[in-house]
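Subject: Structure for your review

Dear colleague,

Please find the structure below, together with its sequence. My notes on it follow.

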Amino acid sequence: MPDDSIQPLIQDRSSISPTPTFPTRDTMDNVDLGGGSLGRKGKVPWVLALSYVFDWFILAVFGAVGYVLGHIEPNKRPFSLDDRNIAFPFTVHETVPVWVASVVAVIVPIVIIAVISLVLVPGATVPVGTPKSLIWKRKLWELHTGLLGLGLSIIAAWFITNGMKNLFGKPRPDLLSRCQPDLANMSKYIVGGLSLDQVSLSGKLVSHHICKNPDKYILDDGFRSYPSGHSSSSAAGLIYLSLFIASKFAITIPFVAPSGAGSADAAAFTAFPSRTRLPSIKVHGPESYELPTRNQGPAPTASSMDSAFGNKGIAKHNQTVAAVRRQAAAPPIYLLVLSILPFFASVFIAGSRWWDFRHHGFDIMFGYLIGTITAFYAFRFYHLPISRGAGWAWGPRSRDKAFWAGVGSFSYATDHMRGQYRAGDEEEALHAPDAFGRGSALSGAEPGPGPRKGPGPDEADENIAYLGATAH
């Protein structure tokens with residue numbers, strides 16, 4: 001509420017001189033995804049677009065290098081012919097072949113992410129009157145970040161796993177079945193052990209040269225046990241998918257919002273927060289769609305609360321508990337099942353490598369750990385936390401920091417010169433005053449004053465804005 005010193009201004013608007021003017025409202029002509037100058041209408045700056053193309057190029061390069069690493073001849077660790085851990089039979093028909101694992105861990109997540117992004121995003125939090133072009137830009141951006149995160153997760157796991165496989169050269173559990181050792185000339189291949197007794201095999205290590213299998217691929221693959229590629233790839237793709245689904249459908253353990261969080265924070269979770277009015281400003285039109293006070297009656301007074309509880313009152317602690325318990329609720333279990341199914345599928349794929357005698361237990365666990373780490377990292381690299389981000393991905397980088405931020409910059413989303421966040425959301429760089437009071441904090445251009453609007457739905461908002469300015 002304004003203080004007494006400006007009360008006459010409220011009672012008699014005719015005393016205000018000269019007549020105040022207000023900036024013209026932004027339209028779609030000012031949209032700038034890059035966060036830079038608003039000179040081009042609704043177009044992404046080429047330098048920003050090129051930076052994301054370069055991101056995909058980097059992923060493609062690492063994917064190609066990972067493919068090469070997976071097909072070079074591995075180091076071949078010496079082994080013992082009486083080692084029972086590598087004496088399992090060779091399984092010709094795998095439970096989950098490579099092509100099936102690729103479809104489940106890569107193709108299926110791509111399809112599901114595309115469907116969710118293009119059909120369910122941005123959801124019911126779009127303020128009334130939002131242009132369809134903005135909605136589709138949000139859909140495509142969520143699709144892009146969803147696939148970019150999936151690519152980062154899978155390719156990182158792929159690169160790390162293939163490099164480690166050939167670097168360590170650990171024998172698989174079925175190595176002896178692949179090897180076809182030359183037992184008649186075993187003495188020529190002994191490279192170590194506890195005994196040089198030529199009669200007993202106990203305690204002797206032989207080199208890989210003892211293997212006479214003519215199929216070089218099967219033999220070389222017998223020394224790629226650590227870590228498990230099926231485990232790392234399935235975890236990287238499917239755990240990422242589980243996180244993506246949980247994020248988009250708000251599937252999380254119920255939590256209490258941080259102290260001080262209010263309707264302003266709730267409005268910030270909407271699809272287009274810059275198009276949603278602040279709850280502190282009276283709204284007369286459909287712009288109030290996202291306000292938590294929509295369709296609510298007046299705030300209860302102390303007397304009305306006493307009446308509701310039989311005029312006996314209620315302890316302050318109980319009021320707090322009653323308020324807290326209404327701030328969160330558990331999501332439907334069927335959604336929890338949907339989000340966790342990809343995780344279960346990844347566990348099955350990893351487990352199949354155990355009963356197919358393709359990997360030792362530690363190899364499977366370590367490979368799965370690699371995929372889990374890359375999945376969590378890639379998801380957080382491009383998406384807000386599940387419990388606090390309302391399912392949205394991070395916005396695009398600013399044009400000034402498309403390729404490089406430099407020392408002293410804490411965010412790639414801020415303006416390079418002033419270090420201010422872009423006004424509005426990633427689709428709308430609105431003309432909000434910056435720290436220096438010069439137009440948009442992003443563009444550096446001062447919006448020209450426009451004619452004052454006549455009586456209408458926004459008149460009260462403009463009055464409040466004007467009086468707030470004069471009070472300073």
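In these notes, two residues are in contact when heavy atoms of theirs lie within 4.5 Å. The model is predicted, so local features are reported only at pLDDT of at least 70 and side-chain atom pairs only at pLDDT 80 or more, while totals for chains, interfaces and linings use all residues. Residues are numbered from 1 along each chain as its sequence is written, and side-chain values rest on heavy atoms, without hydrogens and water.

Ile251 is found in the loop between α7 and α8 (263-268); helices are DSSP runs of H or I with at least four residues, numbered from the N terminus. Ile251 counts as buried because its relative accessible area is 8% (buried means under 20%, exposed over 50%, partly exposed in between, with a 1.4 Å probe and protein chains only). Beyond its neighbours within four places in sequence, the contacts of Ile251 are Ile245, Ala246, Pro331, Leu335, Leu336, Ser339 and Ile386. Ile251 and Ala330 are 79 residues apart in sequence, yet their C-alpha atoms are 8.2 Å apart.

Helix α11

Helix α11 covers residues 333-355. From first to last C-alpha, its 23 residues reach 32 Å, close to the expected 33 Å (1.5 Å times one less than the number of residues). A kink of about 35 degrees lies at Ile340, shortly before Pro342; the angle is taken between axes fitted to the seven residues ending there and the seven starting there. Among the buried residues of α11 are Leu335, Ser339 and Pro342. The cover over the buried residues of α11 includes α3 (98-120), α7 (229-248) and α12 (361-382).

Aromatic pairs and charges over rings

The structure holds 15 aromatic pairs (ring centres of Phe, Tyr or Trp, the latter by its six-membered ring, within 6.5 Å; planes under 30 degrees apart are stacked, over 60 edge-to-face, the rest tilted). Phe54 and Phe57 are stacked because their ring centres are 6.0 Å apart and their planes at 25 degrees. Both lie in helix α2 (residues 46-69), three residues apart. Phe79 and Phe223 form a tilted pair, with 6.2 Å between centres and 55 degrees between planes. Phe79 is in the loop between α2 and α3 and Phe223 in the loop between α6 (216-221) and α7, so this pair ties together parts 144 residues apart in sequence.

The charged end of Arg397 sits over the ring of Tyr52, 4.0 Å from its centre (CZ of Arg or NZ of Lys within 6 Å of the ring centre and within 35 degrees of the ring normal).

With kind regards

Conventions
Helices (H or I, at least four residues) and strands (E, at least two) are DSSP runs, numbered from the N terminus.
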